Amino acid sequence: MMDFTVLTLFPELIDAFFEHGMISRGIEKKLITGSSINIRDFSTDRHKTVDDRPYGGGSGMVMKPEPLQAAVLYAKKKMPESKVVLMTPQGTRFSQAKAWELSCANEGLIFICGRYEGIDERITSCLVDEEISIGDYVMTGGELASMVIIDSIARLIPGVLGSCESPKSDSFSDDRLEYAQYTRPEEFEGLPVPEVLLSGNHEKIRQWRKRSSLQRTFLKRPDLFRKNKLNLEEKKILMQWSQELEVFVKE
Ligand code: ADE
């Protein structure tokens, strides 16, 4: 069972996330556990202070080390094997590969969500195992980032998704985007569902999906072909597509 513990100044945000959808089902099925810890509960002064002015001056506030340290140690006491992850735009970029890695490697993860201008550097150096960013943009806090990461890891844990859904065919799992999907009705706004999908011919459907996946990757994310080169079957499919396109050019 994998545990996700989120240290935050906005526990309600995180609690709502754990109470909905596939994540809450995963918790009900006892495949994962999820909880928030309010960093403010670990502040010891009368005003429950969690931030202070930066040494050296400058704008904004910095999260004080003492309440954060106490919160991390409290979380670690419950889950001593858990890895401590700091959400920060300075971290290594999160990816599907990272989601797979984190989904099997740990008893659990303890997320530190910063607010304001960041957290005292001594927390990062003494208590943080890994710094992760979800992209090159800056948010007002790490909460949304932690939920993005938990969501993408949790769905990889066996049993969290419904029995028919498999993360194996996800976009990015093999550096290819997922094929086009259709459901009823057979015709919508004059657009029919590709006939092969109604044929019941599993090999033909597999080939069609492979081709759809490659075409979408080619059109939307050609950079993925540089990461994971085309194999022989893929080359054949794209060659055939290019020959089909040539016919239009010559006409
Ligand atoms: N906190 C603020 N911005 C962030 C980002 N891009 N990734 C992770 N944590 C953040």
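Pro 185 sits in the loop between α6 and β8 (187–188); helices (H or I, at least four residues) and strands (E, at least two) are DSSP runs numbered from the N terminus. The peptide bond leading from Arg 184 into Pro 185 is cis, with omega near 5°. The model is a predicted one, where local features need pLDDT of at least 70 and side-chain atom pairs count only at pLDDT 80 or more, while totals for chains, interfaces and linings use all residues. Residues are numbered from 1 along each chain as its sequence is written, and side-chain values use heavy atoms, with hydrogens and water left out.

The loop that holds Pro 185, between α6 and β8, is also the place of Asp 175. Asp 175 has a positive phi of about 60°, although it is not a glycine. With 16% relative accessibility, Asp 175 counts as buried (buried is under 20% relative accessible area, exposed over 50%, and partly exposed in between, with a 1.4 Å probe and protein chains only). Lys 48, in the loop between β2 (32–38) and β3 (51–52), is another non-glycine with a positive phi, here about 55°. Lys 48 is partly exposed, at a relative accessible area of 34%. Asp 136, in the loop between β7 and α6, is exposed, with a value of 63%. Asp 136 lies 45 residues from Gly 91 in sequence, yet their C-alpha atoms are 9.8 Å apart in space.

Next comes helix α6 itself. Spanning residues 143–154, α6 has twelve residues and runs 16 Å from its first C-alpha to its last, close to the expected 16 Å (1.5 Å times one less than the number of residues). Nine of the twelve are buried, so α6 is mostly covered. Among the buried ones are Glu 143, Met 147, Ile 149, Ile 150 and Ile 153.

Ile 153 turns up again in the largest nonpolar core, a group of 27 residues in which Phe 4, Phe 111 and Ile 153 touch the most other members (a nonpolar core is a set of buried Ala, Val, Leu, Ile, Met, Phe, Trp, Tyr and Cys residues joined through side-chain atoms within 4.5 Å). Two or more residues of this core come from each of β1 (2–8), α1 (11–18), β5, α4 (96–105), β6 (108–113) and α6. The biggest giver is α6, with six residues. Leaving aside residues up to four places away in sequence, Ile 153 touches Met 2, Phe 4, Phe 94, Ala 99, Leu 102, Ser 103 and Leu 109 (contact means heavy atoms within 4.5 Å). A second, separate core has 18 residues, including Leu 7, Val 84, Ile 110 and Leu 127.

As for open space, the largest pocket holds about 800 Å³ (on a 1 Å grid over the protein atoms alone, a pocket is an open set of points where a 1.4 Å probe fits, with protein on both sides within 12 Å along at least five of seven lines; lining residues have an atom within 4 Å of a point). Its lining counts 36 residues, with Arg 115, Glu 117, Gly 118, Ile 119 and Asp 120 the closest to the centre. At least two lining residues come from each of β4 (62–63), α3 (65–78), β5 (83–93), α5 (121–127) and β7 (130–133), and β5 gives the most, with five. By type, the lining splits into 16 nonpolar, ten polar and ten charged residues (Ala, Val, Leu, Ile, Met, Phe, Trp, Tyr, Cys and Pro are nonpolar, Asp, Glu, Lys and Arg charged, and the others, Gly among them, polar).

Technical notes:
Points joined across faces, edges and corners; volume = space filled by probe spheres on them.
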